[in-house]
Amino acid sequence: FMYISRYGLTSLRLYTSWFMILLLICFVAVILKQIIKKLNLTKVLCVIFIACFFVLSFSCPDALIATHNINMYKEG
């Protein structure tokens with residue numbers, strides 16, 4: 001995120017950040033699986049991936065990138 005704040009947002013940086021957040025959520029689910037033995041990890045991971053992909057798909061990534069970069073430019 002420090003790199004994005006310095007050099008701006010690109011599609012590759014957005015998708016990479018999205019994937020890192022997805023991995024963080026999946027790792028938390030794996031840790032919860034160790035605590036809660038009855039948790040069906042496969043179903044949970046599928047729901048997590050579908051939800052994150054849904055958010056990414058309907059967030060209009062190109063507009064998000066442009067808005068972020070314009071705001072960074074205006075702020076200096």
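Me: How far is the sulfur of Cys 60 from the closest cysteine sulfur, and in which residue is that sulfur found?

Reply: This is a predicted model, in which local features need pLDDT of at least 70, side-chain atom pairs count only at pLDDT 80 or more, and totals for chains, interfaces and linings use all residues. Residues are numbered from 1 along each chain as its sequence is written, and side-chain values use heavy atoms, with hydrogens and water left out. A disulfide is a pair of cysteine sulfur atoms within 2.5 Å, and the sulfur of Cys 60 is too far from its closest counterpart for a bond. The separation is 18 Å, and the partner sulfur is in Cys 52.

Me: Where is Cys 60 found, and what is its phi?

Reply: Helices (H or I, at least four residues) and strands (E, at least two) are DSSP runs, numbered from the N terminus. In these terms, Cys 60 is in the loop between α3 and α4 (61-75). Its phi is positive although the residue is not glycine, with a value near 55°.

Me: What is the relative accessible area of Cys 60?

Reply: Buried means under 20% relative accessible area, exposed over 50%, and partly exposed in between (1.4 Å probe, protein chains only). Cys 60 is classed as partly exposed because its relative accessible area is 46%.

Me: What pattern does the protein chain follow along the sequence, and what is its radius of gyration?

Reply: The secondary structure consists of four helices and zero strands, and read along the sequence the pattern is α-α-α-α. The radius of gyration is taken over C-alpha atoms, and the globule rule is 2.2 Å times the number of residues to the power 0.38. That rule gives 11 Å for 76 residues, and the chain is well over this, so it is more spread out than a compact globule, with a radius of gyration of 16 Å.

Me: What share of the residues of the protein chain counts as buried?

Reply: The C-alpha atoms fill a box of roughly 50 × 25 × 15 Å along the principal axes. Of the 76 residues in the chain, the buried share is 17%.

Me: Which helix holds Ile 50, and is this residue buried or exposed?

Reply: Ile 50 is in helix α3. With a relative accessible area of 57%, Ile 50 is exposed.

Me: What distance separates the C-alpha atoms of Ala 66 and Gly 8?

Reply: Ala 66 is found in helix α4 and is partly exposed, with a relative accessible area of 36%. Ala 66 and Gly 8 are 58 residues apart along the chain, and their C-alpha atoms are separated by 9.6 Å.

Me: Among contacts between residues at least 6 apart in sequence, what percentage joins residues at least 24 apart?

Reply: Contact means heavy atoms within 4.5 Å. Among contacts in the protein chain between residues at least 6 apart in sequence, the share joining residues at least 24 apart is 58%.
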